[in-house]
Amino acid sequence: MPNQSGNMYGLTILSPIIDDQTIRISHDSALRIYLKKLPRHEDGPFAKVSATHLCRLVVMDDVVFVGAPAKQEHLNSKYLVFSSNFYGDLDAYLADMAAKIPDVVNDIWSHCVGYPGVRDPKAFATYMKKCQIETTFFFAAVNDRTVEQTLRALQNKVEFAAFVEENQGKPAAELQAAFSTFWQRLEQLPPPRAGARELTRASVSEKASW
Amino acid sequence: MVKLNPFDIQGFVARGYNLPKANFLLAEILDADAGRHLVQRVAGQVTTAERWEQGKKPLSTLNIAFTWQGFVKLGLPDATLISFPVEFCQGMRLRNRILGDVGKNDPKYWDPVWQDDKVHVWLAINAINPDELAKRTAEVCRLMEETGGARLLATQSASSVYIDGKPTPKEHFGFTDGFGNPDFEGVERDTIPGQGKLTPDGKWAPLATGEFILGYPDESQELPACPVPYLLGINGTYMAYRKIHQNVATFRKYLEEKGKEYAGGKEKLAAKLAGRWRDGTPVELSPDQPDPALVKDQQRNTNFTYGNDAGGVRCPVGGHIRRMNPRDAFGFNGALVNRRRIMRRGLPYGEYTPEDQPARDEDDHGIVFMALGASLFRQFEFVQQQWVEYGNDAHLGNDKDPLVGRHDEGSNKHIVQGTADPANAPFICRNLPQFVEMRGGGYFFLPSLTALRLIGDGSVDPR
């Protein structure tokens, strides 16, 4: 499947941006201004769409041929490019976008031609799929795991490294007792927040490497 | 096969001189005309890559390099100046965030000479003994005065560590240093196994010349980016110069304390930090004890790979020499490292404190480290940013190089991988202090002899 690699889905959506030359701030400009102001990291809207490993929103004006002889080729429209690497199935992902961040989705895609809104999730999904192009080869810089599993694994690594640092060399019984306490504490920890830039611990902080 | 003209390449580029004494003169060019006159005069005395016949090794050598600001001061045409790579134009100080020169390594703590853009020219004198060094240094200083071309800002002296009156390859932490440099095509010497690139059949071959000298194809079969005119760049190369202070007392104290906790003891722990035992034995080849015969054997002392030690149970994955040159550790027969190699030159500075005497961090001692290559960005800066100051390529998260990394809370551990053997138990070096601190540095270009004459004549013509 050219859009999937294991459980990872590489979604590419190109939505044509409305061309209205009668308004002072064009739709593509308004979209750029809006996207620039979106919060990032753990406060970013896609942190709420929990299957998202990484996504990007880009306004593409045109593609320019550089070379000789010069060619005047243009796209038929300006496009909003939405690319997302997420875990799982496309229908579930689009439904989750419509459910979790309807206002943001509306704010963004209302600048695009033919956007039906998210009130009817089916119409929204049909629209998005109509704008979808095949991603073909893609590289997902994550393992074939959910976001939560990935964050948990990073958290476990940080916590376990700290545990070893603090307890190496202890007598076996003492070590076992310490590990048992550590394990209970680890199991009770909430998973780190999606999009967080740092995984922190009381004595150790480690920057996440994405 | 690339044929190099040894008379056109500065000797410092082609080889380490293996001379125990050095002065690095850092000078400011005051006037373009007088500066060019100085370059002209120096060009006539520069030590080239010419081969020395048996017994004809010079008593001292002279080499010259310029910062981008130096080229500005010498009046190089604007069209030439803007053709240099951006990192060279900016200089090391402005690249500090990329290099991890922040915190204790922040340029604001560097020696005063590096505080502004006044270091324009680097004149390196290497010599066989203090007398020859003093003599040649005086000659070069006289040349600066006579021509009025440059004003001496600072002299960085450097010297091999002398033990029992003899120069040694030791550095202040007690490691034998300076094993191997990348072999590349066109250098007249025998290929030493372990020093070039790995071939698919597991043998060693010299790297492409263009990785280290401008004007020749590199490992991507391209010519490296060259300033215009081409003649200014060909046979020259770039250099990152770094004065690195060593906290000798801190290092010894850490080894002493952690050596008690680590099953292998203090000396083995030192080996697990560096990737070599302090006598220079590669821990990859001899994981249990130093092996003096191996150290002396040029066919063996750099001849190893990490492919069969993916877990790092001999040389830790994060050990210093494994980070600096991962060889085949990232797979693909080592192809991923061939464009990240650096040629090293360097000498310690300051008084060496013997192991049995109390050392002090604050004494002025460390190493003058120089990395040469065709691209500062692709080679030196990449190695510094990704392999010294970060651990992702080696799957080590944010861990840094245990010896030369900038340690702060959150990335101050080094994992010593181990086995079920109690004498080789795994160990985490925690709370690593910062063993080294930056004291200054810059980016330089070492032109060819032809280019020096062009600069001296004022005939650099980019059209």
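Trainee: To begin, how many helices and strands does the secondary structure of chain A come to?

Mentor: This is a predicted model, in which local features need pLDDT of at least 70 and side-chain atom pairs count only at pLDDT 80 or more, while totals for chains, interfaces and linings use all residues. Residues are numbered from 1 along each chain as its sequence is written, and chains are lettered from A and ligands numbered from 1 in the order in which they are written.

Chain A has 6 helices and 7 strands, taken as DSSP runs (helices H or I, at least four residues; strands E, at least two) numbered from the N terminus. Their order along the sequence is β-β-α-β-β-α-α-α-β-α-α-β-β.

As for the part in question, chain A is divided into domain 1 (4-133) and domain 2 (147-207), with bounds from an automatic or database domain assignment. Between the C-alpha centres of domain 1 of chain A and domain 2 of chain A there are 37 Å. To their contact, domain 1 of chain A gives 9 residues and domain 2 of chain A gives 6 residues; two residues are in contact if their C-beta atoms, placed from the backbone, lie within 7 Å. On the side of domain 1 of chain A that touches domain 2 of chain A, 3 residues are nonpolar, 5 polar and 1 charged. Here Ala, Val, Leu, Ile, Met, Phe, Trp, Tyr, Cys and Pro count as nonpolar, Asp, Glu, Lys and Arg as charged, and the others, Gly among them, as polar.

For the chain as a whole, the C-alpha trace of chain A spans about 75 × 45 × 35 Å along its principal axes.
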